[in-house]
Structures are given as structure tokens and as C-alpha cells.
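Open the model in your viewer and keep the sequence panel beside it. The tour goes from stop to stop, with something to select at each.

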Amino acid sequence: MEGDVYYPSAEVIAQAVLKDWEATAEFARNDLQGFWQKEAEQLEWFEPWEQVLDDSNKPFYKWYVGGKVNITHNAVDRHLKTYRKNKLALIWESEDGKFDRTFSYYSLNREVCRMANIIKAMGIVKGDRVTIYMGRVPEIVFAMLACAKIGAIHSVVFGGFSVDALQGRIADSQSKLVITCDGSLQNGKLVELKRIVDDSLRHCPTVENVIVVKRTAHEVPMEAMRDHWYHDLCALPIANGKCATEVMDAEDPLFILYTSGSTGIPKAIMHTHGGYMVGTYTTLKYVFDISDEDRFWCTADPGWITGHSYIVYGPLLNGATAFMFEGGPSYPYPNRWWQLIERFGISIFYTAPTAIRGLMRFGEAWPNKHDLSSLRLLGSVGEPINPEAWKWFHQVIGKGRCPIMDTWWQTETGAFIITPTPVVPLKPGSGTRPFFGQEAEIVDEEGKPVADGAEGFLVLKNPWPAMMRTIYGDDARYVSAYWTKYPGKYMTGDSARRDADGYYWIIGRVDDVIKVSGHRLGTAEVESALITHPAVAESAAIGLPHEIKGQSIFCYVQLNPGYATSEELSEELRQHVSHHLGPIARPEEVRFIDKLPKTRSGKIMRRVLKARAQGLPEGDVSTLDD
């Protein structure tokens, strides 16, 4: 260690699959397509591609044009021909620790085929959309892989979202099938997943069938002809036996995943079989140095892109063992995660700064009770990690041995974009440099590069295989949201700065998106939920700094005539948002206001509200209407 730079040890360098970062970076810089061709050749294709990258219709880039492939073939099928057939693919532990389930690649294949046969029996064919709304159970993995196997497009919705959020996503995707659980467990409490699905489907006429996995075994209503217990379906002859893997074009859609935007309608980000497969495979291989011996634990939920890329697809594409835990970090005690690392011999641990900050509060005694010597790499995802949390994670959990892979990326990018590898010197709080083949830039409002050390807008200059192809069903919104402000460059929506060593420091979102514990929520979604309450005339939601969550939701509300401000009404409105969007969206505070500050064109001045909430100067208010 020198100042605030942490250098990799000789042991880390000796073990790393990629020892010369600079040489690989130079190769990718000089021959972008050659680099990504080399990586794609490590995987199996039914038919080779004719062209690595087609950039003739920017920004609608195509990768591995003409290639035929299926991501499930590479994540599961191909391993059955090797020694990995009997290797553990997935380890799962229940929240209460009473159950654990393990699946070799052979048994994972059997489960995926069974699920795929059942989905096909529901009339689902290539190109149909399937909404998956489940807790963290193995069946969510089977469902995703099964959809991909038969060419259906999966749309996973985070199991913490409530009725409105689920309904909007099912309706937008026009799903024909929903796969859910009777319920899930969260900190010992029951989450009524099936009842939420029932409420959502009142306004979703495209859904023909619902498959229900029994997890909590509490009583739930089952609608005749529409709802089917998964265990009953598994007992039918049609469920058993092999299921052929569909031959897909590299550019065929694999999944859509909704991400909050600056408007009320979440964006349906679409990823494809070929490019997304190569991107997740390559980034996990190099960044986390993953090998056959590793047990990789990403603590994210499969309902977010992190879970898609680095619980399900990335580890399985690399033939690794993935660990999945149903519960959270501190239930029933703050040593739950450390207990699991010790018990299962986890070697790579990838989590969010929110969780690290939350566990820091409980001190060092809890992790020090456990043998964490199996760990060799740590990782951070979801938001910038503050240096204090980075150092605690490094020293207390990693015992000073384990480099921290601080990764910056998005639902839209599909895979890591700014990230170190284990041999790169680390600076706490910096994601270091762009991944191989990528060039990033910090620009001002006009798109001109800013000086090192100055804050600006982060843009990406080169296409990459795992990039989103479009917003599903809305090409025009894709172009306007990501490619219009700085023509020829991808606009990330984040502010950042670059230091003199070329290291990037992400500062945060510049649009109307709030990141609560790493989860993206649009201000418009929160405001739309509030306005459905009869007391609310108008509202504005903002994100404020929060010691644990990174950001918290703070709302200003203007009441309709006849309603009086009160603590009770404030609490009622917080509950109202929680009911409509889910507990993750519950505002930290609702404050009443006579009039919202707006420009003459009617735009709410959130900058003024943020300053007001924090007791800071409100700056130039000359553009305000009043």
C-alpha cells in the first residue's frame, strides 16, 4: 500500500488468469473486433458468425451477425459433455437455514428441461414474453434458463415490487404466462407474491396461465383453468424427458428488464442471446478471475440486472459454482452472511455498498467470529462505494488479502464497463479504468471533454457486445434517451470525474432517478403513486444522501382543498407509496408544501427542493414562476 493506492500482492498476481492488464488493454484498443472475436470463440456456436460487429445502422449495433447460438446451451448443455457434468452448478440456502438444495450441472439440466417442457405445454413459443415474479429460490434460475432454452423472452420483475409496478410491466410486455411463488420470506416475514399477482392480473388480459411454485405453503387462492401448481405439473408425463434447445440467431431477444427512467413509464431494456452471452462470460472471467474451484456468491436479487448477469448467466457460462441465499445480510443476526461464507467455503463475494455500510454499524466482532479465509476476492456493485466502507470491507472481511473489484455498469450495459481486474492497483472509491475495448470520456453540457479532476457527464465511445439493443417496442425512445444528447456517444446518465492516472470516480445520477440501496427508482414512479391518493394535488420526489442506503426518498406534497397536514397523513402517504410500488419505495419523509417551485414552463425545480430539504442555499431562483 502506498498512500491511498492498494497494490496487488505477489500471490494475487501469481494466481490471476490475466497477468498483464496493459497488454490486453492495448490489444483490445487496437483491435476491438479481434478482441471480442477471440472471446466469442471460447463458447459454442451452432453456426459461426459472418461479421463480428455491424455498425452500419448506428446506434442499432449488431454483434456476431449471422451466428446461431443459445445462451442456455452454453450455460448448461455444453458442460454435460465434460467433467463438469457432476460438478455443483448451484447451491441454495433458505433464509432460516433449515433447507439447502444443491444442483450439479447434470441435475440443473434436468430441472431446466422440466421447466421448459411445462412452459411449452402452456402454449409458449419462440418470441413470446414470460413474466417471472418470484423470491430468491432455485426455480427462478430454472425459469430464466428454460425460457432462453425454448426462445421465449423472459421479463423478471423484482419480488419486492407491489401491484402497480408488476401490473405495468406485465401489460407493457404483453406476457402470456406468469411464473410466481405462493409467497417469499423476507426477514422472517411473509411476502404475498401470489396475491400481488392476482391483483395485477385484473388489468392484464394477455396472461393466459400462471404457474405457482410452492415455497411458503400458506393458503392462496387458485383460479381454475388459469393457475397451476408447479409440483402438480412436474408430476405429469409431459414435464419429464429431454427438451430440445432452440437454435437462436445471435441478435434474437433473450430478455427484457425494466429500469426506472426520468418519466413515469419504466424502460424495457432488451438484451440478446449472442452479445450478452459473450459480454457476461468475458467480464466475469477476467474481473473476478473465476475458475473451476471457485464458489461465487453475488448477493443481488435475480430481479435486477446484477442477478441476471452474475448469479445466473455469468457463473454458469464459466462453468463455475454459483451460491444463492434466500435472505438478507442481518436476519436473524448480523453474522448471517459471514456464517454462510464460512460454511460453504465462498471464495468470491460480490455485494452492494449499502449492505457493507449496514453491516459496518454492528462492528468487527460479528465477522471476527467466523473463519473467512476461503475468500480471495471481494466485489462492490450498485452505487459508488465510499472510501471508509471500502477500507472496512478490505480489512475486516478481506483481512487485507482480498482485492476489491469495484464495478460500475448498468442494466443497459449488461456487463461490467468500468472495473479493475485483480492485478490492477486499487484506489478506494474508484472503479479504476474501462474494461477492455471500451473508451470512456467525461464531457461538459456541450459535449466537450473536461480537464482531469473536473466533474462532468460520463459517456462511452465504443460499442460493446453486451449492450442493450433497444427499448423493447420503442426504438425512438432508445435513440432519444441514450444517443441524442452527445451524437455518436452513449450517454450513461451518470456524473463522474477522471483523475490524473486515468482512474474514473462515479459521482451519481444526473437524471431523475433515485438509487435506494442500489435499487433504481424513478421520481416519476413515486410521484405517480402519490397522486393516486385523494389528498394529493401534486407532489415531487427527490433523492437525498443517506448514510446506509446511499440515497433515501424524500417527498414534497401539495394537498387538495379540504385536507389538513398532519403526522398521521404523512405516515398514511408513506404507506400508500409502499403499497403501490413496494417497501423499497417507501419515502423516508413526506413534507407538506403550499406550492411546488416551478419554472415558467412548468418544470419542477428539484434542485431547489433538494437544497431546501438539506437547509442549503437555494442558488439562482430567477427562473422560478413565482
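Is the crossing of H5 and H6 left-handed or right-handed? The crossing is right-handed, where right-handed means that the near helix is turned clockwise from the far one by less than a right angle, and left-handed that it is turned anticlockwise. This is a predicted model, in which local features need pLDDT of at least 70 and side-chain atom pairs count only at pLDDT 80 or more, while totals for chains, interfaces and linings use all residues. Residues are numbered from 1 along each chain as its sequence is written, and side-chain values use heavy atoms, with hydrogens and water left out.

**Two crossing helices**

Select residues 105-121 for helix H5 and residues 138-150 for helix H6. Helices (H or I, at least four residues) and strands (E, at least two) are DSSP runs, numbered from the N terminus. The two axes come within 8 Å and cross at roughly 65°. Axes here are lines fitted to C-alpha atoms, for helices over the stretch in contact, with angles from 0 to 180 degrees between N-to-C directions.

Now show the side chains. Among the H5 residues that meet H6 are Leu108, Val112, Met115 and Ile119; on the H6 side they include Phe142, Leu145 and Ile150. Contact means heavy atoms within 4.5 Å. By class, this contact has 12 nonpolar, 1 polar and 4 charged residues. Ala, Val, Leu, Ile, Met, Phe, Trp, Tyr, Cys and Pro count as nonpolar, Asp, Glu, Lys and Arg as charged, and the others, Gly among them, as polar.

**A serine in a loop**

Next select Ser162, in the loop between strand S7 (153-156) and helix H7 (163-173). Ser162 has a relative accessible area of 10% and is therefore buried (buried is under 20% relative accessible area, exposed over 50%, partly exposed in between, with a 1.4 Å probe and protein chains only). Leaving aside neighbours within four places in sequence, Ser162 is in contact with Ile196, Ser578, His579, His580, Leu581 and Gly582.

**An enclosed helix**

Move on to helix H10, residues 273-287. Its 15 residues should span 21 Å at 1.5 Å a residue, and the end C-alpha atoms are 21 Å apart, which agrees. The expected span is 1.5 Å times one less than the number of residues. Of the 15 residues, 15 are buried, so H10 is largely enclosed by the rest of the structure. After H10 comes Asp289, with a positive phi near 50°.

**Aromatic pairs**

How many aromatic pairs does the count come to? The count is 45, where rings of Phe, Tyr and Trp (its six-membered ring) pair if their centres lie within 6.5 Å; planes under 30 degrees apart count as stacked, over 60 as edge-to-face and the rest as tilted. Select Tyr310 and Phe416, a stacked pair at 4.2 Å centre to centre with 15° between the planes. Tyr310 lies in helix H11 and Phe416 in the loop between strands S20 and S21, 106 residues apart. Both Tyr310 and Phe416 are buried.

Then select Tyr333 and Trp366, also stacked, at 6.3 Å and 15°. Tyr333 is exposed, at 51% relative accessible area, and Trp366 is partly exposed, at 22%.

**Last stop**

Finish at Ser539 in strand S28, residues 536-546. At 6% relative accessibility, Ser539 counts as buried. Not counting residues up to four places away in sequence, Ser539 touches Glu527, Leu530, Tyr556, Val557, Leu596 and Ile604.
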